[in-house]
Amino acid sequence: MARNKHPEQTVQLILDTASALFFQKGYDKTTLQDIIDATKLSKGAIYHHFASKEAILIAVADRMGEYNCAVLSEVRDRKGLTGAEKLREMFRTAVRLSFQGGIVNMLPFLIENPKFMALQMESILNEAAPCYALPILREGIADGSIHADYPGQLAEVLLLL
């Protein structure tokens with residue numbers, strides 16, 4: 001059997017293809033066979049990298065999360081803005097992220113997938129709120145541009161909504 005000399009490229013192909021299909025058709029209506037056909041990879045090649053379609057979805061969500069984290073970190077760390085201005089910019093940026101349009105198209109399909117919803121909520125509560133929103137809220141409280149008694153809870157609620 002030939003050995004794949006570029007497994008990271010194969011993984012990227014699978015994730016790029018699956019993302020496009022999930023955005024276009026929805027997660028539930030995309031089959032593993034659709035991904036196989038579109039990538040022109042064998043079923044074995046797909047299963048070598050991912051145990052299931054759900055594992056591919058998790059990897060797609062992780063990749064989107066990494067991209068979002070990089071962009072939100074830049075907003076959080078930007079100099080010359082008050083906390084309130086950073087908070088507004090964080091939401092403005094999040095809405096404009098290139099993945100967001102695809103996510104909006106996928107939402108009707110994903111809302112009915114409790115595993116994906118749980119992953120999203122876990123990511124918001126364990127990563128996005130404490131790493132991005134909370135520092136911005138605390139900065140805004142310190143500079144007087146934001147008034148909040150419970151910034152940790154506010155960070156979680158803002159991002160969950």
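Start by selecting helix H2 (32-39): the cover over its buried residues includes helix H1 (7-25), H3 and helix H4 (53-77). Helices here are DSSP runs of H or I with at least four residues, strands are E runs of at least two, and both are numbered from the N terminus. "Buried" means under 20% relative accessible area, "exposed" over 50%, and "partly exposed" in between, with a 1.4 Å probe and protein chains only. Covering goes by contact, that is, heavy atoms within 4.5 Å.

A word on what you have open: this is a predicted model, where local features need pLDDT of at least 70 and side-chain atom pairs count only at pLDDT 80 or more, while totals for chains, interfaces and linings use all residues. Residues are numbered from 1 along each chain as its sequence is written, and side-chain values use heavy atoms, with hydrogens and water left out.

**Stay on H2**

Show Leu32, Ile35, Ile36 and Thr39, which are buried in H2. They span an arc of only 100 degrees around the axis, so they sit on the same side of H2. That arc is taken from the directions from the helix axis to the C-beta atoms.

Now step to Lys40, in the loop between H2 and helix H3 (43-49). Lys40 has a positive phi of about 60 degrees although it is not a glycine. For background, most residues other than glycine have a negative phi. Lys40 is exposed, at 73% relative accessible area.

**Into the core**

Next, select Phe22, Ile35, Ile46, Ile56 and Val60: of the 19 residues in the largest nonpolar core, these touch the most other members. H1, H2 and H4 each supply at least two residues of this core. A second, separate core has 16 residues, including Ala84, Ala128, Ala129 and Tyr132. A nonpolar core is a set of buried Ala, Val, Leu, Ile, Met, Phe, Trp, Tyr and Cys residues joined through side-chain atoms within 4.5 Å.

**The aromatic stop**

Keep Phe22 on screen. A search of the whole structure turns up 1 aromatic pair. The rings of Phe22 and Tyr27 have centres 5.3 Å apart and planes at 65 degrees, so the pair is edge-to-face. The cut-offs: ring centres within 6.5 Å make a pair for Phe, Tyr and Trp (its six-membered ring), with planes under 30 degrees apart called stacked, over 60 edge-to-face and the rest tilted. Phe22 is buried at 0% relative accessible area, and Tyr27 is buried too, at 7%.

**Two more selections**

Go to Val75 in helix H4, which is buried at 1% relative accessibility. Leaving out residues up to four places away in sequence, Val75 touches Lys86, Glu89, Met90 and Thr93.

Then pick Met121 in helix H7 (residues 114-143); Met121 is partly exposed, at 42%. Met121 and Glu156 lie 35 residues apart in sequence and 9.6 Å apart in space, C-alpha to C-alpha.

**Zoom out**

Finish with the whole protein: 8 helices and 0 strands. Of its 161 residues, 37% count as buried. Among contacts between residues at least 6 apart in sequence, 65% join residues at least 24 apart.
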